[in-house]
Amino acid sequence: MGMSLLYACKNKQTADNPANDPVSTDRDTTVKPGDDFFKYANGGWLKKNPIPAAYSSWGINRVVQEELRDRLKKINEDALKANAAKGTNTQKIGDFYYSGLDTVTIEKQGLAALKTELDKIDQLNSIPQLLDEFAHLQTIGITTPIGAYVGQDAKNSSKMVLQLWQSGIGLPNRDYYFNKDQHSIDLRTDYQQKHLPAVFKLAGLNPGAATQATKKVYALETFLADSSRKLQDLRDPYKNYHKMTVAALNKLAPDINWKSLFEKMDYNNVDTVIVGQPEYYRAVNKALKTYPINDWKAYLRKNLISELSPYLSDAFNDENFRFYGTVITGRKAQLPRWKRVLDVENGVMGEVLGQLFVKEYFSETEKKRYKDLVEAVRTSFKEHIEKLDWMSQPTKQKAYDKLARVMPKVGYPDKWKDFSSLTVSRDSYVGNIINANNFWHRFNAKKLGKPVDRTEWDMTPQTYNAYYNPSNNEIVLPAAMFIIPGIKDENVDDAVVYGYVAASTIGHEITHGFDDQGRQFDADGNLKSWWTAEDSVKFTRRAQMLIDQFNGYSIYGLHVNGKASQGENIADLGGIVIALDAFKKTDQYKAGKTINGLTPTQRFFLGYSLGWLIQDTKESLSSQILTNEHSPAFMRVNGPFTDVPEFYEAFKIKKGDKMWLDPAKRVKIW
Ligand SMILES: [Zn+2]
């Protein structure tokens, strides 16, 4: 493996020096580790670094993001001055940045920038015309009730197939339309009484007409929400997989001419489609007959304006931010414009910026370091499977095969995406966005019927995040995820790296291949059972313990959804125990020497906690619990740690401490 050799140098460099130790300085040592480990590990930093007004959360992820923005700003300013030839990446970067900063043009254009699109909606007179407009809006990235995209067939991962998923609502989750808690009530009240009327007034309606349009749109969205599945009901990959011919789809939703719709959406020669939620599409069909064309026109106008508001004049952008920024996520101010434009540009052509970023900031040495770390985690995972007492040999053999074939993508793609058909000009910011949405729509649509491109990345290298894709059985680890702000990679000791990267990212992502969803996909990435029935039952029983554990957590009166978050919680727990055993093989662990008074194992747990050094506004946290499969950051530390025996030993946690969990209740899955 070469691991200990590779990391040995770092141990020598980490002298006792609390000032430059990323896991020593952030602590709040007035808190007992056994009472609230997250606070003990991160509380010092969090106290000194309150959430800035422009953010809904603040922490290590944001600090990394800020550093990256500064680097990207320079790249953009250079591109702006370069006067590069039309069609080059430099021209696209420079002109995009220019259009986003050109507030004079943006203010002058106002809603006129969308006049052609709004006129098209005004002229709709019939259901067939409405469906054509759905198709058109799909090609420019605007939400309609039809959620279509091309993706890998879950049961045949080498095929790209058209898929239909539930879609079409304006609030972040269907539960917001129905939940009885105060947070949800306040939110939908604002949506109906302030936000939607404001959007319609900005669109030129008088107050009475704006109220009427709001009622119609809200009724339509409520119907779509009521026909949509809850977050936890979207987890079962079998229940959300219904492969059918277009003829069968025509029977399911007969008032839609699907063949024509797909062709107008640039999806050519479609014969088969995978429908996630058939009852939703039956409901869409019903809605087309139930709601008058004028209701639909109001709904589409609202979607168009609302989704493009961040790129329009201040009046539109400010109302959009007031609702989606402040009311939903608790942000009190907007970011400076240049930062907003860079964030948008990252979404539009992130890989163009990513190429320049990794060239300057991510070395081959670093890439090798983390590739080796993946293998150390893989080996440890294998040893964990060998030791499992609840899994039979036949299932274990399949698990070894799947694990061995997990493909790691580390740092940045080997092959970069081609942006040659993306056009960018200085004329109109929102025009650039519409062009970019259309570029990405075509990028996706072109994949239909083509071989799967397994070199592709769904995140840019400058993203502070990572993912597991079950259809490719791959983990994707962007370069930015390895950054610890303020310290060079080579100066971070093994203990911290194993906690910060091997546990919270590498081990976490590999475990996704073996969580409640991922375990249902085989080594080839196909949804196909490879478990004995008995082993499946045993797994589910253990997963249920973790569901129960997290159901017991709440914040601001909202309970964590243990079922919806189980995949993430399984991955967190698996990542920790597997990476910890990998760490036990390093020289640093074996030497057992303390650094700044902290043992190697203590530093491992602190390194993991550093990855979740994040605090959220109340609004953001409340919204996260309803809409997101991830538990809040502090629970991703305090939750799984209570299941890990070494955690109790390392910090001498005893019965009576708040984090103490009865050994019989401690969960062990992987
Ligand atoms: Zn995850």
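1. Strand 3 (residues 156-165) and strand 5 (residues 272-275) run parallel, paired over 3 bridges. Strands here are DSSP E runs of at least two residues, helices are H or I runs of at least four, and both are numbered from the N terminus; two strands pair if DSSP finds at least two bridges between them. This is a predicted model, with local features needing pLDDT of at least 70 and side-chain atom pairs counting only at pLDDT 80 or more, while totals for chains, interfaces and linings use all residues. Residues are numbered from 1 along each chain as its sequence is written, and side-chain values use heavy atoms, leaving out hydrogens and water.

2. On its other listed pairing, strand 5 goes antiparallel with strand 4 (residues 242-245), over 4 bridges. Val 275 in strand 5 is the bridge partner of Leu 164 and also of His 242.

3. Now the zinc ion: its protein donors are His 508 (NE2), His 512 (NE2) and Glu 568 (OE), at 2.0 to 2.1 Å. Donors means N, O and S atoms within 2.8 Å of the metal (3.2 Å for Na, K and Ca); water is not among the atoms, so the site may look incomplete.

4. The donor spacing reads H-x3-H-x55-E. His 508 sits in helix 19 (residues 494-512) and Glu 568 in helix 21 (residues 566-583), 60 residues apart. His 508 is buried at 3% relative accessible area, and Glu 568 is buried at 12% (buried is under 20%, exposed over 50%, partly exposed in between, with a 1.4 Å probe and protein chains only).
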